[in-house]
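Me: I want to go through the salt bridges in this one. Can you take my questions as they come?

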Amino acid sequence: MTPALDTARTRSSEPAPTTPATDSTVFAQRGDHWADLAERHAVDEQALRAANPTLSDALSLAPGQAVRLPDRAEAVASVGTAGISASSVGTAGISASSVGTAGISAAGGREGLVQALQDKAYQAGRAAPQAAFDGTVLRAVPTSYEAGALDHRYGGPGRSNARGQGMLYTAPDPTALLRENAAYARAGEHPLALKSVVEVHYTATPDAQGRGGVADMAEGARRQGLPVQALTEPKGGSQPGWLHQLTGEHPYTLAQQAGKGASDSGASALRAPAAVGGEQIDIVSRNTRPDQLQPAAVTRHDADGRAAPRVPATGVVHDMPADARRYRDGPLDKPAGARPPTEAAPGQPGQRQFAATDVAGQALAAANEGLEGRAGSRIDRVRQHLSGARDGYPRAASTRYGAAGGAAATLVDAGLRAARGESVNGAQLAQDTAVQTTVGAAAAKGVDALTPRLGLVKAGGAVGALVQAGASGYTNVQAYRAGTLSGSRAVANTVVDTGTAAAAGAAGAWAGAAVGSVVPVAGTAIGAVVGFGVGLGAHYAIGALDRATGVTQAAKSALANGLQSAGDGLSRAWNAITPW
């Protein structure tokens, strides 16, 4: 039996000094110390001792001991001079050891919601009704490439097709064609400068199962409760907007998932809303036979965009080759932080390209579009780093979300304490924010690593438990060594804190997924921001529920009492059989 436990037991058996009972009087439970009472009733330990001067020297409190709680004025005065004790932080706001869990919840909320949106977009593509088509579509390509205008093998990822998904983008009329090309034209350049407009006769007829037609993507989105705007976030030939770069979510993520859903449902083409207005007819080469596309005519344009006489396409434009790629049904694999492998581009020093080991429809679909070359300015290099442009715009890892969650929780906690009139030290706040930003980032990165093995919810719970077990265990061991906590209470605190953190870490991902499945968020960048807030809110909601019900404190007390009783029983049994 340790000296600390011996001392605690000896003093708890002494006659209890009397303290007059009042409306602000509480009664100690078996095994309670000052820190236990302070934590249970959300008061500062020093203020509690000051309100009970006749008891302040006692290490432990006798069962049933009456203890007067300090009023607000006493508590504020004590906090102003002594600061907030480590034992009271957990009930006053978010404890330092649980802020890492706030980062996990925030990152999990983001990922849960975005993944739910991706599934909704994929289902929108599958649900899109398919209709027959018999008419002319237009495709503009550089004149030097006009012979291969229907060769899908050289196309990169785009709005409706990810890496390894063959597709030909066409327009149903000249106005739509001009608008689409204007989005990619350089400043002062005519949209059709040095380009050939290829007219193609396209036919598609759904079979008895409704497959093989042109999928109405706008109607599919409506059927799934997904705003059509989620499929038309602007980008064109420029880099993603600032919100996408900040959140690490690309504008094409949901549109690509919807395109994959339509492809899996057998659609020959997509009638998709265009970001520049109007519609596109996007040919799905996987489900389209070469004889469904018949090149009809070619119109070439000079450097000023002036059109030459229209000529027949026969002998000029090659037929579309059959699509021999291997496809795998199901949503595209776009987890957080997945970066497709790249290799040096031959003959282009300093440039990268996707590695040649890509297998269509599998993990390399994590890239949203082709890689950018290295930009010259420092601002562009920072932008490329933030958006992953050098890796084909993969979705950002959870690191930035965990860091932001840890920092936000620390600052919110400080704000709540300041609002209650407590003293907040600026230097200490800056230090705490830096520490918790680092903890949140590292913990969220751990969630990314475990998610492929455990799933997002379990990974969040596991990492949350691990972080809390280490932090809470350290804090309670120090308190036990200082004599302010009994051994049973220290163990109980650590066990219950760890379980609560596991629930909080899992709750963020679960809440994000739940909200994402019912709330129509337009776009992945907005969805990421909403999910981040939902995850962080779930963390606070668990804390608020705990403070309202006292379930955590009750669990700690019950477990501590059980451990203490077991320890006492073992001690008596040992003493009974010891021969000396």
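Reply: A salt bridge here is a side-chain nitrogen of Lys or Arg within 4 Å of a carboxyl oxygen of Asp or Glu. This is a predicted model, where local features need pLDDT of at least 70 and side-chain atom pairs count only at pLDDT 80 or more, while totals for chains, interfaces and linings use all residues. Residues are numbered from 1 along each chain as its sequence is written, and side-chain values use heavy atoms, with hydrogens and water left out.

Me: How many salt bridges in the whole structure?
Reply: The search finds 22.

Me: What does Glu-199 pair with?
Reply: Glu-199 forms a salt bridge with Arg-310, and their closest N and O atoms are 2.7 Å apart. The pair links distant parts of the chain, 111 residues apart. Glu-199 sits in strand S6 (residues 195-204), and Arg-310 is in the loop between strands S10 (293-300) and S11 (311-312). Strands (E, at least two residues) and helices (H or I, at least four) are DSSP runs, numbered from the N terminus.

Me: Is Glu-199 buried or exposed?
Reply: Buried, because its relative accessible area is 17%. The cut-offs are under 20% for buried, over 50% for exposed and partly exposed in between, with a 1.4 Å probe and protein chains only.

Me: And Arg-310, buried or exposed?
Reply: Arg-310 has a relative accessible area of 56%, so it is exposed.

Me: Next one. Which residue does Glu-111 bridge to?
Reply: Arg-395, with the closest N and O atoms 2.9 Å apart. This pair also links distant parts of the chain: Glu-111 is in helix H6 (residues 99-127), and Arg-395 is in the loop between helix H11 (378-387) and helix H12 (399-419), 284 residues away. Both Glu-111 and Arg-395 are buried.

Me: Which residues are in the network?
Reply: Salt bridges link Arg-110, Glu-111, Glu-249 and Arg-395.

Me: Where are Arg-383 and Asp-380?
Reply: Both are in helix H11, 3 residues apart, which is about one turn of the helix. Arg-383 is buried, since its relative accessible area is 9%. Asp-380 is at 27% and therefore counts as partly exposed.

Me: Changing topic. Where is Thr-433?
Reply: In helix H13 (residues 426-454). Thr-433 has 15% relative accessibility, so it counts as buried.

Me: What does Thr-433 touch?
Reply: Leaving out residues up to four places away in sequence, Thr-433 touches Ala-407, Thr-410 and Leu-411. Contact means heavy atoms within 4.5 Å.
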